Amino acid sequence: MAEAYSYFDHDADIGITGRGATLEQAFENAALAMFAIMSDVAALHSEITVQFDFEEADVELALVSWLNLLLAYARQRQAVFGHFRVQRAGDNWRGEASGQRWDEHMERGVEVKGATLTMLAMEHTADGWEARCIVDV
């Protein structure tokens with residue numbers, strides 16, 4: 001399988017692609033791609049965990065909801081996440097993310113303001129799934 005996540009060019013913002021054997025893994029890797037723009041996610045400790053549910057029938061819109069909810073929870077807790085789990089049961093989704101609070105020793109990248117509908121796509125490939133969208137930076 002290809003890399004878990006990658007980036008693609010966009011005029012003013014950043015395109016992210018998450019890949020996985022399952023739709024859920026593609027969502028998780030898209031989240032990893034988004035938070036990796038902001039910090040070194042490999043260096044994070046799992047000190048804070050959030051869990052949340054949301055409802056969305058359309059899988060493409062669910063990707064944007066997932067990413068934007070993660071950003072909202074991170075801002076609310078002044079944290080950065082680096083470990084993700086999402087489960088789907090029909091239109092119902094359950095998300096979990098863990099990471100740590102920002103501190104002065106953490107690498108800071110570019111702030112992601114939100115996931116957008118621009119170039120939004122979910123694609124079933126020979127290797128699994130790809131989740132793509134543009135994030136506003």
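**Notes on the predicted chain**

1. Surface first. The protein chain has an accessible surface of about 7100 Å², and 44% of that belongs to carbon and sulfur atoms. These areas come from the Shrake-Rupley method with a 1.4 Å probe, and for residues only the protein chains shown count as cover. Bear in mind that this is a predicted model, where local features need pLDDT of at least 70, side-chain atom pairs count only at pLDDT 80 or more, and totals for chains, interfaces and linings use all residues. Residues are numbered from 1 along each chain as its sequence is written, and side-chain values use heavy atoms, with hydrogens and water left out.

2. Overall dimensions. The radius of gyration of the protein chain is 14 Å, which agrees with the value near 14 Å for a compact globule of 137 residues. That radius is taken over C-alpha atoms, and the globule rule is 2.2 Å times the number of residues to the power 0.38. Along the principal axes, the C-alpha atoms fill a box of roughly 40 × 35 × 25 Å.

3. Burial and contacts. Of the 137 residues, 45% count as buried. The cut-offs are under 20% relative accessible area for buried and over 50% for exposed, with partly exposed in between (1.4 Å probe, protein chains only). Take the contacts between residues at least 6 apart in sequence: 65% of them join residues at least 24 apart. A contact here means heavy atoms within 4.5 Å.

4. Secondary structure. There are two helices and eight strands in the protein chain. Read from the N terminus, the order is β-β-α-β-α-β-β-β-β-β. Both kinds of element are DSSP runs numbered from the N terminus: helices are H or I with at least four residues, strands are E with at least two.

5. Charges. I'd keep the charge count in view: the protein chain has 10 positive and 23 negative side chains, and the centres of the two sets lie 5 Å apart. Lys and Arg count as positive, Asp and Glu as negative, while His and the chain ends are not counted. Each charge is placed at NZ of Lys, CZ of Arg, CG of Asp or CD of Glu.

6. Salt bridges, and the Arg19 pair. The rule asks for a side-chain nitrogen of Lys or Arg within 4 Å of a carboxyl oxygen of Asp or Glu, and by this rule the count comes to three. One of them joins Arg19 to Glu130, with the closest N and O atoms 3.2 Å apart. This pair links distant parts of the chain, since Arg19 sits in strand S2 (residues 14–20) and Glu130 in strand S8 (residues 128–136), 111 residues apart. Both Arg19 and Glu130 are buried.

7. The Glu28 pair. Glu28 forms a salt bridge with Arg85, and their closest N and O atoms are 2.9 Å apart. How do the partners sit? Glu28 counts as buried at 9% relative accessibility, whereas Arg85 is exposed at 52%.

8. The Arg94 pair. For Arg94 and Asp53, the closest N and O atoms of the salt bridge are 2.7 Å apart. Arg94 lies in strand S5 (residues 92–101) and Asp53 in strand S3 (residues 48–55), so this bridge ties together parts 41 residues apart in sequence. Arg94 counts as partly exposed, at 47% relative accessibility.

9. Around Thr17. Thr17 lies in strand S2 and is buried, with a relative accessible area of 1%. Leaving out residues up to four places away in sequence, Thr17 touches Ala4, Tyr5, Ser6, Phe8, Glu130, Ala131 and Arg132. Ala4 is 13 residues from Thr17 in sequence and 8.4 Å away in space, C-alpha to C-alpha.

10. Backbone checks. I'd take a look at two residues with positive phi. Gln78 has a phi of about 50° although it is not a glycine; Gln78 is in the loop between helix H2 (59–76) and S4, and is exposed with a relative accessible area of 58%. Met119, also not a glycine, has a positive phi of about 55°. Met119 lies in the loop between strand S6 (114–115) and strand S7 (121–125), and is partly exposed at 42%.

11. His124, to finish. This residue, His124, is in strand S7 and counts as exposed at 56% relative accessibility. His124 and Leu32 are 92 residues apart in sequence and 19 Å apart in space, C-alpha to C-alpha.
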